[in-house]
Every structure is written in structure tokens, then in C-alpha cells.
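Okay, thanks for coming, everyone.

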Amino acid sequence: MELWIIFPVSLLTLLVNVIGFINVEAPSYWDTPFAQPYFDNTTKRDLTATVGQVALLRCRVRNLGDRAVSWIRKRDLHILTIGIMTYTNDQRFQSLHTEGSDEWTLKISSPQLRDSGIYECQVSTEPKISMAFRLTVVVSKAKILGNPELFIKSGSDINLTCVAIQAPAPPSFIYWYKDGRLINYSQRGGINVLTERQTRTSKLVIARATPADSGNYTCSPSNSGEFIDLYYRSDGVIPWSWLPDQASVVVHVIKSEHRAAMQHETSASSSSHSWSLFILLAILIFGIR
């Protein structure tokens with residue numbers, strides 16, 4: 001009988017010791033390495049955005065658990081967002097997150113050059129962990145190939161090529177203007193525009209040009225800034241101060257008779273000038289004698 005009592009007691013003691021060992025020695029779930037939050041290093045951390053276009057900084061955090069993700073602007077250590085809440089008066093900043101996903105995205109609407117810099121995605125572990133993202137905001141510019149001033153014979157075609165430069169992505173399309181007004185293709189026939197996204201070029205062809213087609217032609221990529229929106233708020237004319245980086249060319253369409261007259265006047269002027277020099281030289285020679 002004693003043996004029967006001693007055996008269960010010994011077994012019970014052993015079980016208690018084992019359970020106690022497990023409770024003391026086994027690390028908690030959050031202390032295990034695989035359960036700690038960590039960043040997905042495959043995300044792009046050096047980004048370029050265009051002035052006026054949306055910038056998205058994507059931060060992926062694995063095993064987040066009940067921790068919170070914040071976005072910090074490094075230059076002034078300003079907390080922009082915590083979770084999906086915005087903690088700045090600048091409403092251009094917003095945190096995007098889909099329930100159940102690992103991605104926390106900082107959205108910057110209409111970024112400006114001053115928004116360039118380092119942004120940190122921070123997780124509220126102890127100690128905190130963070131990942132830095134570099135944002136560069138640029139102004140998309142354009143260049144019209146050829147001379148800045150063109151003389152076209154009336155009846156010939158005006159052929160202009162615009163190239164978008166310093167753009168993080170090919171523009172969807174390129175705007176063409178004449179004397180500050182968006183070219184209206186419906187008011188004049190014979191206008192064709194061919195835009196190639198891969199080469200970032202746009203070709204403007206105006207068939208059978210007339211003197212009325214003379215003017216200052218300007219091109220600008222669709223992702224070059226906010227002045228496009230301003231165009232629709234104005235009387236239809238874009239002030240040049242809104243287009244600091246525009247590419248332009250002055251086109252002169254000259255009638256044939258005008259061109260002949262100009263050449264005749266130039267020839268006559270040159271001939272008259274030659275006779276004046278001859279007479280002056282003769283006077284000097286005979287005067288010396």
C-alpha cells in the first residue's frame with residue numbers, strides 16, 4: 001500500500017518540476033526571434049517623384065503583432081503618421097494600410113521640392129526599429145530639338161520635336177502651346193501630334209503653315225507640375241511665370257513674296273553700301289594727291 005502511495009507522489013513531484021522548468025526556461029512568444037517584427041528589405045528605398053505628382057513610400061513590416069508603425073520626417077523629427085492616423089497639419093501626408101497586409105505606405109499628395117529628404121518607417125518595439133527611405137522630388141523638364149528660332153516658308157509644314165527630360169517615368173502625354181494657349185486641334189485642321197512614351201518624345205506637325213501660325217511654341221510633359229490645373233482656372237492664357245522650365249521655339253511663317261522682298265532689300269542695301277565705300281575711298285585718294 002505504501003509503495004502505491006509513494007509512486008504517485010513521486011510521479012506528481014516529477015511532473016511539477018518539469019512544468020516548473022518549462023514555465024521558467026521557455027521564452028515567451030514575443031521573445032522568440034521568428035516572432036519579432038522585422039522589415040522586408042526587398043522594398044525600394046530610394047525614390048524619385050515629380051513635383052505635383054503623388055509620391056508613395058512603401059514600408060513592409062513582418063510579424064508586426066500589436067506594435068504600431070509610424071512615419072517620421074528625418075530633417076525635423078516630425079511625426080507624420082502613427083498607424084493610419086495623421087499627426088501633422090499638412091494634409092498632403094497620409095498613411096495607407098489594408099487590413100491584414102504587411103504594407104504601410106506614406107502617401108504624399110502634390111510633393112514639392114522642399115519635400116525631398118529622408119523619411120523613416122518606425123516600429124514601436126523596445127528598442128524601436130526603423131528603416132530609412134530617401135525621396136527626391138524633381139521638376140520634369142522638356143526640350144525642343146533644333147534652333148530656338150525657325151523661319152518657315154508659307155505653305156510648308158511646321159515640324160517640332162519635344163523631348164521630356166529629368167522625369168522619373170515617361171509622361172502619359174505632352175502638352176503643346178502657342179503663345180501661352182493650349183493648342184486647340186479642332187479650330188485648325190492639319191495638326192497632328194505623335195507621342196512616344198518609351199522615347200519620351202512628342203512630335204507636332206502643322207501642315208500648310210500660314211502667317212497666322214507664327215508664334216512662340218512651347219511644350220511641357222503632363223507630369224511637370226501643377227500649372228496644368230491652373231490653366232483651367234485662368235482665361236486660357238498661361239503666364240510665363242507659371243512655366244519656369246518650359247521649352248520654347250519662336251516660329252516665323254513668311255510668305256514667298258515677302259521673303260523675295262527681304263532678299264531684294266538686303267541685296268540693294270549691300271550694293272548701296274559698296275558704292276558708298278567706293279566713293280569714300282576715291283575722295284580719300286584724290287584728297288591726298
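So, Phe93: buried or exposed? Buried, with a relative accessible area of 1%. That's well inside the buried class, because the cut-off for it is under 20%. Keep in mind as I go on that this is a predicted model.

Now, what does Phe93 pair with? Its partner is Tyr119, and the two rings form a tilted aromatic pair. For those of you who like geometry, the centres are 6.5 Å apart and the planes make an angle of 40°. We call that tilted because 40° falls between the stacked class, under 30 degrees, and the edge-to-face class, over 60. Tyr119 is buried too, again with a relative accessible area of 1%.

Why bring this pair up? Phe93 sits in strand E7, residues 93–96, while Tyr119 belongs to strand E9, residues 117–123, so the contact ties together parts that are 26 residues apart in sequence. In total the count comes to 4 aromatic pairs. Elsewhere, Phe173, Tyr175 and Tyr177 are linked into a cluster by ring pairs.

Next, the backbone. There's a cis peptide bond between Glu126 and Pro127, with omega at about 0°. Where is Pro127? In the loop between E9 and strand E10, which covers 129–138.

Then there are a couple of positive phi values to look at. Asn63 isn't glycine, yet its phi is near 55°. You'll find Asn63 in the loop between strand E3 (55–62) and strand E4 (69–73), and Asn63 is partly exposed at 32% relative accessible area. Leu77 also has a phi near 55°, and again that's a positive value in a residue other than glycine. Leu77 is in the loop between E4 and strand E5, 78–82. Buried or exposed, this leucine? Leu77 is exposed, with a relative accessible area of 59%.

Last stop, a sheet. Here we have an open sheet of 4 strands in the order E11-E13-E17-E16, with antiparallel pairing. Strand E11 (141–144) and strand E16 (191–196) are the edges, each pairing on one side only. On average, neighbouring strands in this sheet are turned by 20° against each other, ignoring direction.

Inside that order, how many bridges join E13 and E17? The answer is 6, with strand E13 spanning residues 158–165 and strand E17 residues 201–206, paired in the antiparallel sense.

How values were computed. Residues numbered from 1 in each chain as written. Predicted model: local features only at pLDDT ≥ 70, side-chain atom pairs only at ≥ 80, totals over all residues. Heavy atoms only, no water. Phe/Tyr/Trp six-rings, centres within 6.5 Å; stacked < 30°, edge-to-face > 60°. Helix = DSSP H or I, 4+ residues; strand = E, 2+ residues; numbered from the N terminus. Buried < 20%, exposed > 50% of the residue type's maximum accessible area, 1.4 Å probe, protein only. Pairing = 2+ DSSP bridges. Axes fitted to C-alpha atoms, helices over the stretch in contact; angles between N-to-C directions.
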